[in-house]
Amino acid sequence: MRVTMVKKITADGTPCSKCRQAEARLRENGLLDQIDAVVIADERDPESPGWAMAREHGAANAPFWIVEYLDDKSSAEVITSVLKLTQVLAGVEDTQAQRIVDLAPSSRRQVREMAEAMKGTGPADLVKWALMTYGVDCTIAFSGAEDVALVDMAVKSGYAFTVFTLDTGRLHPETYDYLERVRLTYQLDLEILSPDQQRLETFVREKGLFSFLRDGHSECCAIRKVAPLRRHLKLRRAWITGQRRDQSPTRGNIPVLQVDDAFDGAGASGLLVKVNPLANWSSERVWDHIRTHDVPHNTLHERGFRSIGCAPCTRATHPGEHEREGRWWWEDATRKECGLHLT
């Protein structure tokens, strides 16, 4: 395999920021030395070699990479995402991942045994294990909050994965901005899951936009969150969540690995494995990771929003309050779940 990177030089003569970020990401994963050649696409010269290659391969912008497989010299793959390139390069040397897939727990008993064996394993290693074991059959839930730490760990692992977010239609503008920043920072193929339009329109027409203030949030969440997630998880064997034991009284006993009894997956007899890498971490440790690794964060956190959900159902917390007391604050503290997680 031969890999050529096409880097862009901007009109002022400096390397483009996305090129620098891509090289930094490859360096972090120990993969930069697998780039065999670098070709420059100079904005000041439309005929520079990089732009000629862009036209030849149908690439709209740089950086991009051309991967030529030596066993098939007639084909070349054009890659525009550093995440995709990382996965391709990591896969060249790592045959262990294929062997581990055969060891994926396939029954409740095996999941319990694996959970016991891994209960002291750190978050980054849990993420890596899940991705090595399930690959793209494992999906990461990204809520637009501090669970971005999981996305950061997954990208740095170098293994293939999918990541999704639930767009309820009621998120804060800051959260939508944040989702886009994370997508661009990590060059993610972020899957946006939306509610069924007809079901949502019927619900709003019959009950209005704020029925949750009168009869609880369960029905609204079931339509906007639970149903789209159910459709998505049916195609997966495992998913990774940002649940932590210190988030609320209802999450005090969550294990790092469990069978998800709320949803069916693509495993044997509908088995779906749920991985909670942050279960043993406190909020402080998650934020230590975010700050240490310069991970993007939602600006709402700076305004006192410690737990972030839909705009009408989330407020900043007051001093001394638990972080999820800002969610559905008009309801009893034992009902601080939306149906995505059984407790």
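Biologist: Cys138 first. Buried or exposed?

Modeller: Buried: this is a predicted model, and in it Cys138 has a relative accessible area of 0%.

Biologist: What about Cys220, buried or exposed?

Modeller: Cys220 also has a relative accessibility in the buried range, at 10%.

Biologist: How many disulfides does a search of the whole structure find?

Modeller: Zero disulfides turn up.

Biologist: Which strands does S5 pair with, and in what sense?

Modeller: S5 pairs with S8 in the parallel sense, over three bridges. With S6 the pairing is parallel too, again over three bridges. Thr139 has a bridge partner in each: Trp239 in S8 and Thr162 in S6.

Biologist: And the sheet as a whole, what is the strand order?

Modeller: The order is S7-S6-S5-S8-S10-S9, six strands in an open sheet with mixed pairing. Strand S7 (190–193) and strand S9 (257–259) are the edges, each pairing on one side only. From one strand to the next, the twist averages 30°.

Biologist: Where is the antiparallel part?

Modeller: Between S9 and strand S10 (residues 273–275), which pair in that sense over three bridges. Leu257 has Val275 in S10 as its bridge partner.

Biologist: Which strands does helix H11 touch?

Modeller: Helix H11 (residues 218–233) packs on the sheet and touches strand S5 (138–141), strand S6 (162–166), S7 and strand S8 (238–240). Its direction makes about 160° with that of S6.

Biologist: Now the core. How many residues are in the largest nonpolar one?

Modeller: It has 49 residues, and Phe142, Phe161, Leu188 and Ile240 are those with the most contacts inside it.

Biologist: What does Ile240 touch?

Modeller: Leaving out residues up to four places away in sequence, Ile240 touches Val127, Ala130, Leu131, Cys138, Thr139, Ile140, Ala141, Leu150, Val275 and Pro277. So Cys138, where we started, is among the contacts of Ile240.

Biologist: Different spot. Where is Glu146, and is it buried or exposed?

Modeller: Glu146 is in the loop between S5 and helix H7 (148–157). It is buried, with a relative accessible area of 9%.

Biologist: A glutamate with 9%. Which residues is it in contact with?

Modeller: Apart from neighbours within four places in sequence, Glu146 is in contact with Arg244, Gln247, Val286, Trp287, Ile290, His301, Arg306 and Glu323.

Biologist: Backbone next. Which peptide bond is cis?

Modeller: The one from Ala62 to Pro63 is cis, with omega near 10°. Pro63 is in the loop between helix H2 (49–57) and strand S3 (64–68).

Biologist: What is phi at Ser269?

Modeller: Near 55°, a positive value in a residue other than glycine. Ser269 sits in the loop between S9 and S10, and at 85% relative accessibility it counts as exposed.

Biologist: And what about phi at Asp294?

Modeller: Asp294 is not a glycine either, and its phi is positive, about 55°. Asp294 lies in the segment after helix H12 (283–292) and counts as exposed, at 71% relative accessibility.

Biologist: Last topic, the whole chain. How many helices and strands?

Modeller: Twelve helices and ten strands. The radius of gyration is 22 Å, close to the 20 Å that the globule rule gives for 343 residues, so the chain is as compact as a globular protein of that length.

Biologist: What does the C-alpha trace span?

Modeller: About 65 × 45 × 40 Å along its principal axes.

Biologist: How much of the chain is buried?

Modeller: Of the 343 residues, 53% count as buried. As for contacts with a separation of 6 or more, residues 24 or more positions apart account for 68% of them.

Note on methods
Residues are numbered from 1 along each chain as its sequence is written. This is a predicted model: local features need pLDDT of at least 70, side-chain atom pairs count only at pLDDT 80 or more; totals for chains, interfaces and linings use all residues. Side-chain values use heavy atoms; hydrogens and water are left out. A nonpolar core is a set of buried Ala, Val, Leu, Ile, Met, Phe, Trp, Tyr and Cys residues joined through side-chain atoms within 4.5 Å. Buried means under 20% relative accessible area, exposed over 50%, partly exposed in between (1.4 Å probe, protein chains only). Contact means heavy atoms within 4.5 Å. A disulfide is a pair of cysteine sulfur atoms within 2.5 Å. Two strands pair if DSSP finds at least two bridges between them. Helices (H or I, at least four residues) and strands (E, at least two) are DSSP runs, numbered from the N terminus. Axes are lines fitted to C-alpha atoms, for helices over the stretch in contact, and angles run from 0 to 180 degrees between N-to-C directions. The radius of gyration is taken over C-alpha atoms; the globule rule is 2.2 Å times the number of residues to the power 0.38.
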